[in-house]
Structure formats: structure tokens, C-alpha cells
Amino acid sequence: MACWTFCVALLHCEFLYVMAAFNPAYPVTPWGFTLSCLPANKTEDPASSVPGVSSNASSLSGGTEAAAEGRLNSSGFHVAHLSPAASHCCFWSEQGTSCPVRVGVAEGETLVSTVESPVSQQLGVDWNLQCWMQGDLKLFICSGEPLLKSLFQNYDLQAQLFHVLAEAAEDAHLAPQKGGFESVQCNGSREGRWECRVPVPTAKLNSTLLMYVKITAAGGTFQSPLMSARPINVVKPDPPLDLHMEITEDGNLNISWYSPTLAPFPLQYQVKYSENSSTVLREVDETVSAPALLADSVLPGCSYEARVRSRRLDGPGVWSDWSAPRVFTTQGIQNPTQSLVWVVHMQSLKLCKAATEQRKYVMYFPPKILTSAGSNVSFHCVYKNETMIVSSEEIVWWVNLAEEIPPSQYYAVSDRVSKVTFLDVKATKPRGVFTYDAVYCCQGHHCHHRYAELYVIDVNINISCETDGHLTKMTCRWSADPARSLVGSSWQLWYHRSSLYCSDRASLHPISEPKDCYLQQDGFYECIFQPIFLLSGYTMWIRVNHSLGSLDSPPTCIVPESVVKPLPPANVKAEITANIGLLKISWEKPIFPENKLQFQIRYGLRGQETQWKTHEVADIKTRSASVPVRDLCVVHAVQVRCRRLDALGYWSDWSSAAYTAVTDVKVPARGPEFWRRVNGDATKRERNVTLLWRPLMKSDSLCSVRRYVVKHQTARDGTWSEDAGDRTQLTFLWAEPAHTVTVLAINSIGASLANFNLTFSWPVSEVNVVQSLGAYPLNSSCVILSWILSPGDYSLMHFIIEWKNLDEDDEIKWLRIPSSVKKYYIHDYFIPIEKYQFSLYPIFSEGVGKPKTINGFTKARPCYKRASTSG
Amino acid sequence: MRCGPLCQFLWLWLYLSYIQAVPIQKLQGDAEILIMTIISRINIISHMQPVPLKHKVSGFDFIPLHTDLSLSKIEETLAVYQQIIINLSSQNKMQISNDLDNLRDLIRMIASSKGCPLPYNRSSATLQNLRGPLRDSVFSTEVVALSRLQRFLKEMLLQLDVSLMC
């Protein structure tokens, strides 16, 4: 067995040696070649049978004696009958032929396949071969396609490529001796096509690849002669990308493209483009080294089709496949007719379609522009009148057929091209169904009906975001102002998240993703990010998609942590502090954020429309504050809110309101004002006195009165108190020359500190200091009372004014007024036709003086009659 | 879009140059706030009651317990915790994971501004041991993991006030 293996290996090496020594490898050409396999008994030179191929070219095979195998039948198919014994394969191309020397055929050795073929009437077979290095410089590919596919229709094809890499070209002969050939299985098809792929390490691109193909098909086995190729010399780039055509400013056609990304060396490009009108088809084929070609001036109404391929600029290489063709059609005449006119072209006379009945036409480039408000845009136009291109000097521009554009905005780019520029364009205001401004290029006041369309969209969209108080959700909003958008455009928020923070200047990021946003009832779109990266920078912008393209709003970058709207403070409580009488508010800070917070309080009286007052809490560490309030005995409503101390983010909502309870906070501010009614005979010494007082208001009682206490003081009995409960009058017996009484108000805190007192004195009651008194009614609700005091030195505490309607059985009414006043406006309900009694009591510290009493308002003209005095 | 790689590079360069300019005081301040935020998030998880220190629960050797508080070790530990948190069923787990992600970035930036030789690439912890406990004792895993994380963060918070070594 070992001996058998050794023998096989030896034979294999011998075979390779013979192949290498006597049959130099066929150099793979970048342009493809043909593998012809013929019956052994045919000796015709295959190349001689092919038009355009010289049999002399066989010398290119390295001087090897061409195996002039006869082939080709008379019909021109590359098919010949193979002998049942053997077939012989050769390469040939336009550059030459390579056939291996049939060494040792006589001795029965075979360098080429021998076929025992049942097909056998033994047809010769031709494959078109092409080998190239793929553009990514990783795979070497050889593919073959039979010229006569029908021969393989009923057979499976199997192909194998045997290859070896030699380090240097001069080693190519020795390479097979150094190591064996490796084989790769090739893909084969029933049509006889096959493709073999050989991985080539990057470091071996300059090595020489020796190889041969073994094909089993149609009942036969065919083996190619040895081929050689340096992968770097047969690189086939990927086709150029993004073929683009546009009209340049001066009216030429610029064809541009991008070179394939993986091209390892400079490329040259072959461009084919055709100008196609209804009458002429002009084809141009140019080779350039830059990825652009400036073609001739563009004509209206023509279509231009272009495609491009690439190949290594310097040195050998394989042309790439052609790019996908691109068609560009210029504006022109709609509904072209059979009648044609000549159009004068600047460089040559060309025929392009123009209907004779439409004697004018205009071409705008670009015909439509979509742009954002605030940008600058330009249109160009070529205008033809009758049979001549109108000189660009004669062109004027209009907007919407209503507004002539100032000449300063346009100028002649060339003899036939005029250019208008709009600076700082405003957003288009849709007029009915027209969502663009129509821009006209005219000759004086003669305009063609065609126009260019200018779409301007205001993309200055403010995106605002807010992070919720739980720090888990960021809600971003932007206005869907219908005036801003154009019909047919859609809006979408795009964003990019950077790991931490925002950069100084927000910019559109190449890696971004759209975010679903939903229109709210308030006309805003709302997008929610949840969960969030608190410290990441979210760069966001709005992309407006329109049929003419897309526009992006200026990007804005937001860090969620900087737009937090905290939860409102919790557990808010409010109270009026006892004795101190301040409104005290306490609260708890929300759990989030953990930043230092500032707090704001607002407070007011509870009611339907609370008038709020605000209070800033100065100490950020405190969780309570006290504010002075005027009314201590009413219910106060209090709310608290917070925000970050560094003012980043938003104020929280106000907390739910807390209310104060009305309780006594201090002793009553004063005792009640009181007066007396003296009953009984005035001539008697002992009389009943009834004290009268008004209930204390809350503002004086702070905040309630539980009871009133009357304090008596006489010379004989000293001091004693009498509880009046919650009554507002109390009667006592005045039996001593001087009797002083004080009325105190008592609440839960204590008794009023400032109290009024009144002394009833027999001697003082005879002191008369009021010289005169007059009552002057102003109207039914006001009477002026004025008086004059007798001259003298006495210490008046105050006055008491007392009045009553003598015609009615009313209670007396009274007022305490300061001692300094000389007249007083009494506001009450007065009936002028009735009689009133007015009394003025001087009150001394020693007692109540003698009053001055008048009657007023007699029935006739009471308002103008002065009251008579008495007493 | 064809300038993709170049644009990305330029953008990254601009971004990194900005990041370099962030003062370390801000980084440390933000780290402190973020740590406190995570601690509070764990606090409000309803079933979370810290496991007493002397209480030992077996089977969780893969959850870091006592960690050297150097910057590189912190980053590594946070990566482990992040991996664990993602696999829990707890509410807010994704939010806590995101917070940890931000915190790791902050630690890396602090390390960078201190000139610490932290590996350029973020550590990515893979926890083979997590699957079993998660399947058999979800509750224990959650409580132990969150407790230990909280404890780790508190220690880290204390250390931030002093100084963190490389």
C-alpha cells in the first residue's frame, strides 16, 4: 500500500515536473480567454479558425510548439468530434494560443485528459474562461462558460481547480516541485458553467498562482493546461457606486460617482453615456481618472443615460462590471410632436425635441428645490424663444407671476444661463393646494408657463424634554405646527445617545435611530424615552421627509439629569404657631433627585380664588419655614414646590394643599368696647346700669372668645369680677359715687390684656364741657355731627356718640370716637322725615361727663334744618 | 453617509476632546449623586430589606462581597453587578442597569483624568454561575445581589469623599 502511494506521488510529481518544464503556464489575461478541448486526432490550430485570431499568436504561449489541433466545424461552433481515445485542451485568446506539448503521447502518457466518452461521438468543447482577483483582495475566482450550453443540458458538471502559490515569478517553474497542488471544488451547473474560488492571503497577492482545471461533464473529463496569474495583476474592482448626474451652473452635465470602497490602488473609469432625444441617439465613451466627467451642454427635453466601470489606473487589471445605468431627463416640451426644429447649441448644432407649435420653452435646473427656512437657494434657467436661445442678459425672474425679482438677485452665468438667488428664504405659506412658490424665468414680460418650484420648510423646531420625578422616563415634545409643514411631508424625531454628557456643539451623528412620537391633543408630538441613561447626552433632531428629499432641524442635545421635574414635596403641613402667631409650614423632600434642592412656598386664604403669596426658603437644608400672616384666625392654604438648587431642570408641581386649623393662638388683643344704659330715676343715687358690648371680632379675639368677664372696682368694695358668659350685656347696681368697670374677653389662652374701662361718677356726671352740638344730614345714610367744647384744661379720654330714632322703638346706637376729633360722620340708615336724638358724652378718666343732646330731622325739610340744642 | 467611518471618527474625536475637558469635580459630584440615586432606587423596591452583615447566604460566591476600592476594581465590580441586575426580575432593573452603565463611564473618566491605566475597553462580565440560582432561588438572588450592591455603593460613596486610587 505504501509502495502504491509512493508510486502515485512519484508519478504526480513527475507529471507536475513535466508540465512545468515543458509546458510553461498560460498567463491568465485580464480580458478572458477560451479553453478548447478537442479530439486528439484533430490537429487544426484552433486560433486559425476563429476570426481575428492569428495562428502566429501562438508564439505568445512561450514559444512552445502550438498543438495545432484541428477543430471547429463548418458551422462555426467550437465543437469537434473527439476521438474516443483522448482529448487535448488548449487556451487561446485574442492574444495567442497555448497548448501543451504532447510529450510521450506515443508512449501512452497523457498531459491532457483522455476521454472515454459515451458522448462520444466525441464533440470538442469550448469554454470561455475568465479569472480575476475580487475587489476585496481575498478571493481569486476563475469561471468558465461553455460556448455550446446544450451539450451539457443532461449532465451534471463537476469541476476542480488545482492550484499552488509560488513565492516569486521566477520560482513558478519550481513551485510544483516544492509542494503539491491544492484543489478546490468548484460550483458547477447543468448549463456547463462553473466557478472556482481560491482564497488568497493578503501577503501573497504578489505571488504567482499556478493552476489548472479539471472538468468532468458530458461523460468526459477535460483538463486544462497549466495557467499562471499574479493575483495583484488581475484585480477586478467592485463597480463604481452612486452614479449621479446633475446640471452644472453653466449648463453642462456633470456625471459623478464614488469609487468602490475597497479599491487598493488608483482607478481609471470608463464612462458610457448617451444623449437620447426623439430624433437622435448620441453615444459617448470616455475614459477618465477622476470619479467625475463633465459632459456637453445639456439640452432641454433630452434624456441622458450613463454607466461607468473601473479598472486599475496603472498596471494590469480587470475591468469591473458596469454600474447600474442611470437615466437623467431634462425638462422640455410635454407632448412632443412629430415636427421638429433645430436648436442652436453653444458648441455644436444638435437636434433635440421641440414642438413647433410650442415656440417657447424653458428649462430650469434644478427644477425643484426643497430647503429649510433661512437658507440661500439658487435656480438656473435656459430660455428659448422661437428658434433661438434667449441671451441670459435678457432674462428676468418672477415669483408666483406676481412679484418681479429685483435684478440684484440674478445674473448671467453664461450666454444662455441665468441664475437667480434667494437669500434667507422664508417658509412657504401654502396657498390652497399649492405648497410651493413658483419661480419664473421670463424674457421681459413674456413668460413660459413652466416654472421652477421652491419648497421652503421651517425646520427651526424646538425640542424640549422633561425627566419625571422618578428619574426613569424622559418625555420630549415638539410642536406640530401645521403652518410649518407642507402637504406630503412627514416628520420624525431622530436621536443619538452618547455615553456621557453632551459635547459643546450638538451635531447630527452618523449613527442615529428614529423614535416613535405621538401627536397629542395640544398639537405637540410627544416621545418617551424609558428607561433612560441619566447622564448620557441625547442629541435629537427632527427629520422632515418630503418627496423631494429630507431636511433636518438643528440638533439639540439634552442630558436627562439636567431636565428633571422633581416630584412635589410630600407630607406638607401648615399651622399657626401658638403665642408667636406665625404661619408655620413643614414638608419632606421627594426621594429624587438626590441633588440639593431649593423650595418655594405659596400661601393664601382658603377660598375659591386664593390670592397667593410666595415665600422663598432661604435655608436649603431646612424642611420647615414660618411666615408672618395678617389674619391668624382664618384658614390658610399652603403649597410647597421644589427644584434643583443649581436651577437646572424644572420646578415641581405644587404639592397638594395643606390647611391651617383655626384655634386660639394668643390671648385676645383687647377687650370689647362697651357702653352703658342707665335705667331708673336719674335723681336717685342707686341706679341700675346695663353694660352693652359688641362681640369681639376674630382678629381681636385670636381667635375665639369663650366668655366675657366684667371687672368691678369701687372704693368701698374693692375689686371683684362677674362672669358674663358669652352674653354681651350685663346689669349691675351703681350705688357708690364712683364705680369703675372693665370688660375682659377670655379665650383658651387667657384674658385680654388691653381693655377698656368706664367709670361711673356722680360728680363727673355733672361736668359739662360740650358747648354746642349740631347734626347735619348729608343723605339718608350719613349724618355729620360737629361740636364745640368749652375752653378749659381737662383730660378727655374719648367721646361716646349716642343716637336713636325717637319715632321708633329702636335700641340706642353708640360709637366710641377719639377725643381729638371735632366732627364725625355717622353712617347709618336715617329717615329724614323722622326725629332723631343725638348725644355726645365726654369720657374722662374720672368718669362719664354730662352729655350734650340734640334732636334733629323735623318733618319739614329735615335735611336743611339745623337741629335744635337742648340739655 | 459614505463618509461614515470618517465622520464617526471625527465625531468621536470631538466628543473625546470635550470629555477630556470635564472637570474632575463635576465627575465626582455626578458620581456621588448617581450612587445615591441607585441606593434610593434599591430602597424603594418593595421587597428589599437589607441582609444583615453577619447573615451569610451560601451559593452566591459570584456576587462580589468585599471589594478593593480601586478605580479599576470598582469598574470591574460594577460590570459584574450590572450583568447580575439585568438578569433579575426586579422592577426598574433596566433603569438600575442603565444607571450602573453611566456610573461605570464616570469611573472610567475619573480614572482617565487621574492618568490611571484603565483598559480602554469596558469590561464585560459573563456570569455562568448566575443561571442556576436564578432558576432555583430568584428571591434570594435578588435580595442578596441588591443588598450587596447597595453596601458596595455606600462604601464607594465614602471613598469618593476621600480619594480613589488607581
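**Ring pairs and a helix pair**

Author: A:F529 and A:Y538 are both buried (under 20% relative accessible area; exposed is over 50%, partly exposed in between; 1.4 Å probe, protein chains only). This is a predicted model: local features need pLDDT of at least 70, side-chain atom pairs count only at pLDDT 80 or more, and totals for chains, interfaces and linings use all residues. Residues are numbered from 1 along each chain as its sequence is written, chains are lettered from A in the order in which they are written, and side-chain values use heavy atoms, without hydrogens and water.

Reader: How are the rings of A:F529 and A:Y538 arranged?

Author: Rings of Phe, Tyr and Trp (its six-membered ring) pair if their centres lie within 6.5 Å; planes under 30 degrees apart are stacked, over 60 edge-to-face, the rest tilted. By this rule there are 26 aromatic pairs over all chains. For A:F529 and A:Y538, the centres are 5.2 Å apart and the planes at 65°, so the pair is edge-to-face. A:F830 and A:F838 have centres 6.3 Å apart and planes at 45°, so that pair is tilted.

Reader: Which residues do ring pairs link into a cluster?

Author: A:F434, A:Y436, A:Y440, A:Y451 and A:Y455.

Reader: How do I read two packed helices?

Author: Use the angle between their axes and the distance between the axes. In chain B, α2 (residues 24-43) and α4 (residues 93-113) pack at about 155°, with axes 10 Å apart. α2(B) and α4(B) are therefore roughly antiparallel (over 145 degrees; under 35 is roughly parallel, 65 to 115 roughly perpendicular, the rest oblique).

Key: Axes fitted to C-alpha atoms, helices over the stretch in contact; angles between N-to-C directions. Helix = DSSP H or I, 4+ residues; strand = E, 2+ residues; numbered from the N terminus.
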